[in-house]
Amino acid sequence: MSEDKHPLRRAIVSVYDKTGLAELATGLHEAGVALVSTGSTAGVIAGAGVPVTTVEELTGFPECLDGRVKTLHPRVHAGILADSRLESHNQQLADLAIEPFDLVVVNLYPFEATVESGATPDECVEQIDIGGPSMVRGAAKNHPSVAIVVSPDRYDEVLAAARGGGFSLEQRKRLAAEAFAHTASYDVAVASWFASAYAPSEDGWPEFAGATWGKGAVLRYGENPHQEAALYRDSHGGLADAEQLHGKEMSYNNYVDANAALRAAYDFDEPAVAIIKHANPCGIAIGADIAEAHARAHACDPVSAFGGVIASNRAVSVAMARQVSEVFTEVVVAPAYETGAVDILAAKKNIRILRCADGPVSAGAESRSISGGLLVQMPDRVDAPGDDPNAWTLVAGDVADTATLADLRFAWTAIRAVKSNAILLAYQGASVGVGMGQVNRVDSCRLAVERAGAERARESVAASDAFFPFADGLQVLIDAGVRAVVQPGGSMRDEEVIEAAKAAGITMYFTGTRHFFH
């Protein structure tokens, strides 16, 4: 037996999640491990025919206050915290007639699940575990002497250790690190709830903001080959938890583009596809079905779509898969794939195929790190009052007919996915020209028209993510034949811009809502 292994002779087990508990207790008992347990956990162990000492028997003190006090006793915590390397600790245990624990198996009350269930504040507070985290932290601190296990996923390892002479020191270190991460996540969840929902500040922003992530994967590199990178996951699902069905490992840039593509595709209720390169759309379209949506999105800019990332808000059909397979594509991400679609796509060795069943997931506010701090804002969704065409203000030209208004609505929804300054030309539910990321709006207009080409630009509609500061950008669109424009308005020179639209005889609406995307 390795010198740093500690045989598992005595364990305390207190778990809310009873998954695998009976099998664990049976295996530990067969390996000669004496068990101490609490409440319902002890009941399950005894029900499995395994001898168990209850905490009340150990401490000589009953559980009280509706279970709020169970394990908070020196006979529990001294047994967990005694450092077996120190003779003084061993002697004190002997003097106090306290037996040490070699193994602590604990998982905590389901605080987050209780909050998410819509429970009352009192019910949420009652699910704040006190004794559990104390035992977890004590065992993790004392990892040279004690192994701490906080997840049923580790039970097979526990039984292997019980039969093999115990955990090694390196194993106990890793278990302790996992345990401290477990209690940190728990504390952050409690503190965040208190700060945001239970005791909110007067300005509406919590005094404390916290989050935890667990490492999901080490990536090949970051934005550039000389940058190291990794993926970390939270507990909310989304792209970080997507299932990869085929292809090489995802890169940092693949994730950035796939995230932008999902964000764009899921802004629409209709079948929609977004094709993204460098976080900007090469094309966005809706269609009667997902294959039509993809074909129309691809037609926007086939040159830029080469090597792009594709997201759909519907299951990828066989027809769509056949279309995608004809073009070099880095990533396809969708909620599902029809039978046969993955096989068609997988014929391309390097394409990455992801299934993201829940689409883009927002846990509320979004954040971006800056030097020395964090910027936090609520997400920009397409549900502001100004995003409803019924709330738009007609400032020039005739009232748009049904088809034109539908195109304006599409363009206004799609513009949210384009980096500012942003101009998007659309026709019949598809982008036909996109001008993005320019430092002035005139250049964005020129780029959108150039990408569309003269024929497509003529008779298209346009959306601008922010107001036109002068009439010159709008004039570029007018000269290209754009027949209707939707924009936020709000410029000091709105009247100048409106007069240009009136002089050209085009329709223009103000939304009163801006969609900058930096």
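This is a predicted model: local features need pLDDT of at least 70, side-chain atom pairs count only at pLDDT 80 or more; totals for chains, interfaces and linings use all residues.
Two strands pair if DSSP finds at least two bridges between them.

**The six-stranded sheet**

Four bridges join strand 20 (residues 484–487) to strand 21 (residues 507–510), and these two strands run parallel. Glutamine 487 stands opposite phenylalanine 510 in strand 21. Both strands belong to an open sheet of six strands, ordered 16-21-20-19-17-18, in which the pairing is mixed. Strand 16 and strand 18 (431–435) are at the edges with a single partner strand each, so one side of each has no neighbour in the sheet. From one strand to the next, the twist averages 20°.

**The hairpin of strands 14 and 15**

Strand 14 (residues 366–370) and strand 15 run antiparallel and are joined by five bridges. Isoleucine 370 has glycine 373, in strand 15, as its bridge partner. The hairpin has two residues between the strands, and glycine 372 takes a positive phi near 80° there.

| Strand pair | Bridges | Direction |
|---|---|---|
| Strand 20 and strand 21 | four bridges | parallel |
| Strand 14 and strand 15 | five bridges | antiparallel |

**A nonpolar surface patch**

Methionine 378 is found in the loop between strand 15 (373–377) and strand 16 (393–396). Its relative accessibility is 47%. Buried means under 20% and exposed means over 50%, with partly exposed in between, so methionine 378 counts as partly exposed. Together with Trp205, Leu374 and Val376, Met378 forms a nonpolar patch on the surface, and the accessible area of the four together is about 390 Å².

**Helix 12**

Helix 12 covers residues 290–300. At its start, a side-chain oxygen of aspartate 289 comes to within 3.2 Å of the backbone nitrogen of alanine 291. The buried residues of the helix are Ile290, Ala291, Ala293, His294, Ala297, His298 and Cys300. An α-helix has 3.6 residues a turn, so residues three or four places apart point the same way. Among the buried residues, Ile290, Ala293, His294, Ala297 and His298 can be read with that spacing in mind.

**Serine 14**

Serine 14 lies in strand 1 (residues 10–15). With 15% relative accessibility, serine 14 counts as buried, because the cut-off for buried is under 20%. The side chain of serine 14 makes a polar contact of 2.8 Å with the side chain of threonine 38.

Definitions and conventions:
Residues are numbered from 1 along each chain as its sequence is written. Side-chain values use heavy atoms; hydrogens and water are left out. Buried means under 20% relative accessible area, exposed over 50%, partly exposed in between (1.4 Å probe, protein chains only). A polar contact is a pair of N or O atoms within 3.5 Å; within protein, one must be able to donate a hydrogen and the other to accept it, and residues adjacent in sequence count only if both atoms are side-chain atoms. Patches are made of residues with over 30% relative accessible area and no salt bridge: like charges are joined within 9 Å, nonpolar side chains (Val, Leu, Ile, Met, Phe, Trp, Tyr) within 5 Å. Accessible areas come from the Shrake-Rupley method with a 1.4 Å probe; for residues, only the protein chains shown count as cover. A salt bridge is a side-chain nitrogen of Lys or Arg within 4 Å of a carboxyl oxygen of Asp or Glu. Axes are lines fitted to C-alpha atoms, for helices over the stretch in contact, and angles run from 0 to 180 degrees between N-to-C directions.
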